[in-house]
Amino acid sequence: MTFQTTKAHVVRAAFEGIVMQVADVIAAMVQDAGVTFTILNVDGGMVASRVLMQMQADIADVPVAVPSLLETTGLGAALCAGIGAGIWGSTSELKECMRQVAGTHNVGMKKVYRSAISSTERGQRKRAFKKGLERSLN
């Protein structure tokens, strides 16, 4: 960092760190478990950043799907609690209820981001990030 480093530089570096780590996890799952990714479903507060989601799609080279309901983790916890409390008798009953809610309240995918860079550019960005990471460790 220098005196010319701005808040925007720090945020971009944080975003790059996030997307590179996620891309590494995806690559490891593909290599080690033979999993094929056709889409990456995301949720949580950070998915509100269009810049971050586009960066993720660019670096992971996997479409990134952002739901219209960003905090689906909280929804999942609430639904599990509802099953535990006996509000729904079974997961099948819960699925039917969710289908009805989704149809009534337009719950679904808000946006799907697709890679907008070439594989050459992707490789260059990954190499530059790795080089910077190695420099920071020495």
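User: In this predicted model, is I18 buried, partly exposed or exposed?

Analyst: The general idea is to compare the relative accessible area with two cut-offs: under 20% is buried, over 50% is exposed, and partly exposed lies in between. I18 has a relative accessibility of 30%, so I18 counts as partly exposed. This residue belongs to helix α1.

User: Which residues does I18 contact, leaving aside its neighbours within four places in sequence?

Analyst: With those neighbours left aside, I18 is in contact with M46, L52 and Q56. Distance along the chain and distance in space should be read separately. I18 and M55 are 37 residues apart in sequence, and their C-alpha atoms are 9.6 Å apart in space. For another pair, V11 and D58, the separation is 47 residues in sequence and 17 Å from C-alpha to C-alpha. V11 is also found in helix α1, and its relative accessible area of 43% makes V11 partly exposed.

User: How should I read the nonpolar core, and which residues have the most contacts inside the largest one?

Analyst: The general idea is that, in soluble globular proteins, nonpolar side chains tend to be buried together. In this structure the largest nonpolar core has 18 residues, and L40, V42, M53, V64, V66 and Y113 have the most contacts inside it. At least two residues of this core come from each of α1 (7-33), α2 (50-60) and β2 (64-67). The element that gives the most is α2, with six residues.

User: What does M53 touch, not counting residues up to four places away in sequence?

Analyst: M53 touches V42, M46, V47, V64, V66 and Y113 when those residues are not counted.

User: Which residues form a nonpolar patch on the surface?

Analyst: V25, M29 and V35 form such a patch, and together they have about 220 Å² of accessible area. V25 is part of helix α1. The relative accessibility of V25 is 49%, so V25 counts as partly exposed.

User: How should I read salt bridges, and how many does a search of the whole structure find?

Analyst: The general idea is that side chains of opposite charge can pair when their charged atoms come close. Here, a search of the whole structure finds three salt bridges. One of them joins R12 and E16, with the closest N and O atoms 3.3 Å apart. Because R12 and E16 are four residues apart in helix α1, about one helical turn separates them. R12 counts as partly exposed at 40% relative accessibility, and E16 counts as partly exposed at 27%.

User: Where do R125 and E121 lie, and what is the N to O distance in their salt bridge?

Analyst: R125 and E121 both lie in helix α5, four residues apart, which is about one turn of the helix. Their side chains meet in a salt bridge with an N to O distance of 2.8 Å. R125 is partly exposed, with a relative accessible area of 29%; E121 is also partly exposed, at 28%.

User: Which distant parts of the chain does the pair of R122 and D61 link?

Analyst: R122 forms a salt bridge with D61, and the closest N and O atoms are 3.2 Å apart. The pair links helix α5 (residues 119-137), which holds R122, to the loop between α2 and β2, which holds D61; the two residues are 61 apart in the chain. R122 counts as buried at 8% relative accessibility, whereas D61 is partly exposed, with a relative accessible area of 46%.

User: What is the phi of D61?

Analyst: The general idea is that most residues other than glycine have a negative phi. D61 has a positive phi of about 55°, although it is not a glycine. This residue lies in the loop between α2 and β2.

User: Where is the confidence of the prediction lowest, and where is it highest?

Analyst: The general idea is to read pLDDT as the predictor's confidence in each residue, from 0 to 100. The mean pLDDT of the protein is 89, and 94% of its residues reach 70 or more. Confidence is lowest in helix α4 (residues 91-105), where the mean is 75, and highest in α2, where the mean is 97.

Terms used:
Residues are numbered from 1 along each chain as its sequence is written. This is a predicted model: local features need pLDDT of at least 70, side-chain atom pairs count only at pLDDT 80 or more; totals for chains, interfaces and linings use all residues. Side-chain values use heavy atoms; hydrogens and water are left out. A nonpolar core is a set of buried Ala, Val, Leu, Ile, Met, Phe, Trp, Tyr and Cys residues joined through side-chain atoms within 4.5 Å. Buried means under 20% relative accessible area, exposed over 50%, partly exposed in between (1.4 Å probe, protein chains only). Contact means heavy atoms within 4.5 Å. Patches are made of residues with over 30% relative accessible area and no salt bridge: like charges are joined within 9 Å, nonpolar side chains (Val, Leu, Ile, Met, Phe, Trp, Tyr) within 5 Å. Accessible areas come from the Shrake-Rupley method with a 1.4 Å probe; for residues, only the protein chains shown count as cover. A salt bridge is a side-chain nitrogen of Lys or Arg within 4 Å of a carboxyl oxygen of Asp or Glu.
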